[in-house]
Amino acid sequence: MISRIDAHIHYKARVHEDTQMIRDLGLKLLCICTGVDPVGNWRKQQADIYIKNVREFPDVYAWVTAYNTPDFKISDSDYADRCIANLQRDMEQGGAIGCKIWKGYGMEVKYPDGRFLMPDDAIFHPIYAWLEKNRIPLLAHIAEPMACWRPLEPGKPHYGYYSQNPQWHMYNKPDFPSHETLMRHRDNIIAKFPKLPFIGAHLGSLEYDLDECAKRLDAFPNLAMDTSARLSDLLFHDQAKVKAFIEKYQDRLLWGTDVGLGYGTPTPESLQKDRNYCHEMLTAEIAYYTTDKPLKYGPWETVGLCLSEKVQRKLMYENARKWYPGL
Ligand SMILES: [Zn+2]
């Protein structure tokens, strides 16, 4: 019996123990692909594993596909048509139930003249229109948490990631778009395709201010947000405000963790280590939303929000099924 759905995870299960652990936790996982390259290497590294797992264990796994980034080194007038054909195949034959776009748009992929390719660029419009016409949800990780544009602060969320991945740390890099600019380009998509079910990953990159999340949710009825990888940010807000925010938007928020398993070339030892990490994070996340007990989340200590059963069920099960039909 599945009682909760993690709507944003990168769980590349390869051995029996990986799946058994998820069953024991009473979870179903929506495994997310990220299309990060123009030749589709992400397919072998992510999609193929998810497709195999969904076929074998449809009660435990579901997946969201992606599409290749454009390659401006070649002239490619069929880019959008080819992406759509691949998406269609992933949905119809691979069982995918959504499509993801990544922060590379706006922060990494560039036109040959040096301009950043923004996520609302016209090159993507036929793809978004196709998704909208078919009511296929678009999961969008655009921009980064606000910490990305601020000085590194030890002890705060995201310090580990930006200290280890300085290429993504945007503090003092005026040649890169600001957070505000990226939000504007992201919001343009939601406004231009009003019937496209649009899920803002990572609290829509607005984790620093729940009023900013609320503003977007109020403005765009086709928008939902997932909580993935932003629980640590929630801990730094007033907890009564976090609870009130979740209660107010109880039909528009999806629980997700963003934990990952099976990166690189997995070995039995690395899989065991990843599995232990996933178990620890998943258990702490569930405890945060469902209990009123003191708990540890990473290096931080907090007390569970103790959401009502009705709100828990929406956040951790029903909304995922509503926003990703087919789950
Ligand atoms: Zn993710």
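Ala, Val, Leu, Ile, Met, Phe, Trp, Tyr, Cys and Pro are counted as nonpolar, Asp, Glu, Lys and Arg as charged, and the others, Gly among them, as polar. On this basis the lining of the second largest pocket of the predicted model comprises 10 nonpolar, 3 polar and 5 charged residues. This second largest pocket holds about 350 Å³ of space. Of its 18 lining residues, Ala-147, Arg-150, Lys-156, Pro-157 and Asp-233 are the closest to the centre.

The largest pocket has a volume of about 1400 Å³. It is lined by 47 residues, of which Tyr-161, Ala-229, Asp-258, Val-259 and Tyr-277 are the closest to its centre. By class, the lining of the largest pocket consists of 18 nonpolar, 18 polar and 11 charged residues. At least two lining residues are supplied by each of β1 (4-11), α2 (41-56), α6 (159-164) and α12 (268-290), and the largest share, 5 residues, comes from α6.

Across the whole structure, 14 aromatic pairs were found. In one of them, the ring centres of Phe-124 and Tyr-128 are 6.1 Å apart and the planes lie at 40 degrees, so the pair is tilted. Phe-124 is buried, at 0% relative accessibility, and Tyr-128 is likewise buried at 0%. Tyr-288 and Tyr-289 form an edge-to-face pair, with 5.1 Å between centres and 75 degrees between planes; Tyr-288 is buried at 0% relative accessibility, as is Tyr-289 at 0%.

One aromatic cluster is formed by Tyr-67, Tyr-79, Tyr-105, Phe-124, Tyr-128 and Phe-193. The charged end of Lys-192 sits over the ring of Phe-193, 5.9 Å from its centre. The charged end of Lys-12 sits over the ring of Tyr-263, 4.4 Å from the ring centre.

Key: Residues are numbered from 1 along each chain as its sequence is written. This is a predicted model: local features need pLDDT of at least 70, side-chain atom pairs count only at pLDDT 80 or more; totals for chains, interfaces and linings use all residues. Side-chain values use heavy atoms; hydrogens and water are left out. On a 1 Å grid over the protein atoms alone, a cavity is a set of points where a 1.4 Å probe fits but cannot get out, and a pocket is an open set with protein on both sides within 12 Å along at least five of seven lines; lining residues have an atom within 4 Å of a point. Grid points are joined across faces, edges and corners, and a volume is the space filled by probe spheres set on the points. Helices (H or I, at least four residues) and strands (E, at least two) are DSSP runs, numbered from the N terminus. Rings of Phe, Tyr and Trp (its six-membered ring) pair if their centres lie within 6.5 Å; planes under 30 degrees apart count as stacked, over 60 as edge-to-face and the rest as tilted. Buried means under 20% relative accessible area, exposed over 50%, partly exposed in between (1.4 Å probe, protein chains only). A charge sits over a ring if NZ of Lys or CZ of Arg is within 6 Å of the ring centre and within 35 degrees of the ring normal.
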